[in-house]
Amino acid sequence: MEGTRREGLNKTNDVKCSVKAPALASAASTGRKIFKFSSADVQASEHLLHASVLSMVEFDDDIFAGGNCFDWNQHPAKRGLFCPFAYRLPPPDQGASLVKDLALEYHYLGNTSEWFFLARKNAEKVIARNEQYIKLVCQFTGTSTGR
């Protein structure tokens, strides 16, 4: 009986993951577009990134944690690694969330972070399949650059 229950739980979790993964990849894709088409001030904003990962966690009860990790020296305002990361705190602080730079505690591009490499490759596949995000027309108002 226990094996059947556990298999049922795993299937339920697999379904939740398969529903949430594209949504998270879409959020990452949206963040990438914000930085691609925005001013240098917005691109350099750590606060915007921290707010985006926090809202990803706080607005969906099924998401425990989320991050937006940059490759080495790829964030315009930070040298080295930078990874805004938000997660829900365990009891007794349940209901609260914490946002931090994961790179300060964890070298996620190192040899010991296979989980990060696999998650990144899976996200790249999901993003590549979302053709609706490839076809993009942007019109910005109130800018002198015409982007």
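1. At the start of helix H3, a side-chain oxygen of Ser45 comes to within 3.4 Å of the backbone nitrogen of His47. Helices here are DSSP runs of H or I with at least four residues, strands are runs of E with at least two, and both are numbered from the N terminus.

2. This is a predicted model, in which local features need pLDDT of at least 70 and side-chain atom pairs count only at pLDDT 80 or more, while totals for chains, interfaces and linings use all residues. Numbering starts from 1 along each chain as its sequence is written, and side-chain values use heavy atoms, with hydrogens and water left out.

3. H3 covers residues 46-58, and its end C-alpha atoms lie 18 Å apart, which agrees with the 18 Å that its 13 residues should span at 1.5 Å a residue. The expected span is 1.5 Å times one less than the number of residues.

4. Which residues of H3 are buried? They are Leu49, His50, Val53, Met56 and Val57. These residues cover an arc of only 125° around the axis, so they sit on the same side of H3. The arc is taken from the directions from the helix axis to the C-beta atoms. Buried means under 20% relative accessible area, exposed over 50%, and partly exposed in between, with a 1.4 Å probe and protein chains only.

5. Lys100 belongs to strand S3 (residues 97-101). Its side chain makes a polar contact of 2.9 Å with the side chain of Glu105. A polar contact is a pair of N or O atoms within 3.5 Å; within protein, one must be able to donate a hydrogen and the other to accept it, and residues adjacent in sequence count only if both atoms are side-chain atoms. With neighbours within four places in sequence left aside, Lys100 is in contact (heavy atoms within 4.5 Å) with His50, Cys83, Pro84, Phe85, Tyr87 and Glu105. His50 is also one of the buried residues of H3.

6. Two backbone details deserve a look. Most residues other than glycine have a negative phi, and most peptide bonds are trans. Asn73, in the loop between strand S1 (65-67) and S2, has a positive phi of about 55° although it is not a glycine. At 28% relative accessibility, Asn73 counts as partly exposed. The peptide bond from Pro91 to Pro92 is cis, with omega near 10°, and Pro92 is in the loop between strand S2 (84-88) and S3.

7. Overall, the chain has 5 helices and 3 strands, in the order α-α-α-β-β-β-α-α from the N terminus. Of its 147 residues, 27% count as buried.
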